[in-house]
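Reader: I am new to this structure. Please take one part of it and go through it closely, then follow it to what lies around it.

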Amino acid sequence: MPHKSCYMLISLMFALFVAAPGASAQPAGQEELVVISTPKGDITLRLFDDTPKHRDNFLKLARAGFYDSTLFHRVIDGFMIQGGDPDSKGAAPGIELGNGGPGYSIPAEITPAHFHRRGTLAAAREDDKVNPARLSSGSQFYIVQGKVFTAEKLDMLEKEQNSLAKQRIFVDIMDRPENLTLRNQFFSPDAKSDTAHFRFLLDTLNQMIDREFTGDKVFRLSEAAREAYTTVGGAPHLDGRYTIFGEVVSGMEVVDAIATEKRDENDRPLQDIPMTVKIITRKKSQP
């Protein structure tokens with residue numbers, strides 16, 4: 001999900017702000033819902049309590065009217081709809097959007113408890129190459145429409161994602177100054193002529209990669225995620241990479257309608273889809 005980088009200092013200051021005491025707490029038994037109104041209808045969202053920085057920021061912006069008149073500026077049928085760019089307000093037709101924000105980013109709150117099932121609300125951000133800390137956009141978000149996968153497709157996806165992760169580790173290893181000799185030997189034009197030495201280099205690199213291919217670098221879907229992706233659907237390739245902070249409780253038919261809009265080469269709908277955002281309070285559903 002594209003978004004311009006923001007300064008780390010501003011992000012840290014924001015993190016302290018949202019964590020500061022004095023934030024308004026909901027009365028027991030009540031919760032705040034976010035309603036996004038569009039020409040296609042309303043989408044009602046519940047925000048998660050275990051991602052408090054993203055929850056509080058979204059509520060703060062909604063109360064301030066930040067999102068009102070912004071557009072769903074990027075839509076891809078079978079994947080997601082994205083909005084929250086302040087630069088989209090009144091944007092001329094055909095202008096590429098997706099680079100605006102409130103001037104800060106949010107520290108990642110990525111947790112294995114949440115995955116990208118259909119109806120998920122998550123924060124947009126820049127790619128790992130320029131944003132290794134996976135800081136979230138201060139305002140841009142996306143709602144997953146997704147598609148249904150077979151178990152075999154999910155197995156293949158896991159293998160593909162883990163192969164890509166190992167490739168990223170390989171590139172990182174080769175870029176380190178302390179591995180200059182190894183890099184020069186491996187990429188030497190004559191490297192493969194000495195089969196035994198080249199095999200030694202490969203074994204050395206594979207051992208280095210295996211030592212670092214641990215923890216959150218390993219892509220593995222939970223049983224709950226597999227159940228969701230093979231029934232209601234979603235976007236499993238995003239799991240573990242973006243902060244999920246809410247879900248749709250009603251209005252998925254509106255998400256579907258927006259996702260199927262005709263769009264330009266930048267995935268911007270040809271017909272603008274503006275939004276207004278408000279907060280409502282309701283009694284919490286019984287578990």
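Author: In helix 2, which covers residues 52-63, the buried residues are H54, N57, F58, L59, L61 and A62. Buried means under 20% relative accessible area, with exposed over 50% and partly exposed in between, taken with a 1.4 Å probe on protein chains only. This is a predicted model, in which local features need pLDDT of at least 70 and side-chain atom pairs count only at pLDDT 80 or more, while totals for chains, interfaces and linings use all residues. Residues are numbered from 1 along each chain as its sequence is written, and side-chain values use heavy atoms, without hydrogens and water.

Helices (H or I, at least four residues) and strands (E, at least two) are DSSP runs, numbered from the N terminus. The end C-alpha atoms of helix 2 lie 16 Å apart, which agrees with the 16 Å that its 12 residues should span at 1.5 Å a residue; the expected span is 1.5 Å times one less than the number of residues. After helix 2 comes G65, with a positive phi near 75°.

The strands come next. Strand 1 (residues 30-38) pairs with strand 2 (residues 41-47) in the antiparallel sense over 6 bridges, where pairing requires that DSSP finds at least two bridges between the strands. The two form a hairpin with 2 residues between them, and S37 has D42 of strand 2 as its bridge partner. Strand 2 also pairs with strand 9 (residues 244-250), again antiparallel, over 4 bridges. There L47 stands opposite G246 of strand 9.

Another site is N162, which sits in helix 3. N162 counts as buried because its relative accessibility is 16%. Leaving out residues up to four places away in sequence, N162 touches F213, K217, V218 and F219, a contact being heavy atoms within 4.5 Å. R220 is 58 residues from N162 in sequence, and their C-alpha atoms are 8.6 Å apart in space.

A pocket is an open set of points on a 1 Å grid where a 1.4 Å probe fits, with protein on both sides within 12 Å along at least five of seven lines; lining residues have an atom within 4 Å of a point. Of the 33 lining residues, R134, D216, K217, G240 and R241 are closest to the centre of the largest pocket. Helix 3 (residues 151-175) gives the most to this lining, with 8 residues.
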